[in-house]
Amino acid sequence: MMAYKGNRVSERLDRLAIAGIGINADNGVSPRLSIVANLIFLAVGIVGLVLCLQEQFGSGIVFGAMFAASTHSIIVEHRKRGNAPPDERERAIFWKATAIGAGASCLLASGWVMFLGNFADDGMWKPDRQAEWRAAGLFMIGLMMQIANIASAWMTPAYAAELLDDE
Amino acid sequence: MTREIHNRIAMFRADAGMTRRELAEAVGVNPQTIGFLERGDYKPSLELAMSLAEVFGVNVELLFAFEPFPSLSQALQKGRE
């Protein structure tokens with residue numbers, strides 16, 4: 001960050017970016033960047049699902065959002081510790097985040113099914129065509145990954161600059 | 001029940017002349033975890049706490065406590081009295 005020292009506009013844009021996505025965002029390990037990125041993937045997934053309902057090309061977008069979330073999590077994990085195995089703190093965060101992601105997805109799915117039952121006569125949406133079922137399935141997997149990534153980033157304390165030093 | 005756990009890992013590490021990376025390798029964790037431990041952002045497992053104490057050659061209660069540790073100046077002052 002601050003690569004354009006002296007240029008006021010660039011410096012202000014840099015500060016704005018740091019305020020939005022957190023320090024150390026440039027090396028990909030900022031928890032806040034992870035939260036922002038996964039919220040974007042979630043929004044893209046929802047847009048894809050809606051497009052699919054309108055009989056457009058949505059399922060590819062939903063797949064893209066799911067794939068982006070999983071790729072993002074792999075890259076962040078690799079940037080954090082290279083090829084070293086996760087230690088006890090990282091394992092605990094991973095399992096907690098996965099449990100939150102899976103639990104939240106199940107809760108949302110069961111809530112939707114319950115409301116689907118209540119409002120079935122009013123024509124509440126449910127997957128009908130093959131593409132819609134595929135998109136709904138991909139959306140659920142993506143949702144689980146995105147919520148897990150957000151939970152994982154939320155539970156990871158902010159990386160202080162000195163903690164990234166090798167010393 | 002969540003109680004705050006204080007530690008003096010940073011002090012013992014500085015005293016031993018070790019970097020975070022060296023200490024992390026000695027106990028088998030990520031250097032970031034050592035940083036989070038020193039900052040009080042993470043509570044270690046009993047196994048990790050005992051491994052850290054073993055590296056420094058002290059009892060675990062010298063490294064971790066529920067009550068805040070006195071500062072070095074306070075400890076020196078107490079020693080003079």
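Start at the contact between the chains: 14 residues of chain B and 13 residues of chain A take part, two residues being in contact if their C-beta atoms, placed from the backbone, lie within 7 Å. This is a predicted model, in which local features need pLDDT of at least 70 and side-chain atom pairs count only at pLDDT 80 or more, while totals for chains, interfaces and linings use all residues. Residues are numbered from 1 along each chain as its sequence is written, and chains are lettered from A in the order in which they are written.

Select the side of chain B that touches chain A. The largest share, four residues, comes from α3(B).

Next, select α3(B), residues 31-39. Helices are DSSP runs (H or I, at least four residues), numbered from the N terminus. Seven of the nine residues in α3(B) are buried, that is, with 20 or more other C-beta atoms within 10 Å of their own. Among them are Ile34(B), Phe36(B) and Leu37(B). Gly40(B) follows the helix, with a positive phi near 80°.

Now move to chain A and select Val62(A), Met66(A) and Phe139(A). These are among the residues with the most contacts inside the largest nonpolar core, which has 23 residues; such a core is a set of buried Ala, Val, Leu, Ile, Met, Phe, Trp, Tyr and Cys residues joined through C-beta atoms within 7 Å. α5(A) gives the most to this core, with eleven residues.

Definitions and conventions. A residue is buried if 20 or more other C-beta atoms lie within 10 Å of its own, exposed if 12 or fewer, and partly exposed in between; C-beta atoms are placed from the backbone. Helices (H or I, at least four residues) and strands (E, at least two) are DSSP runs, numbered from the N terminus.
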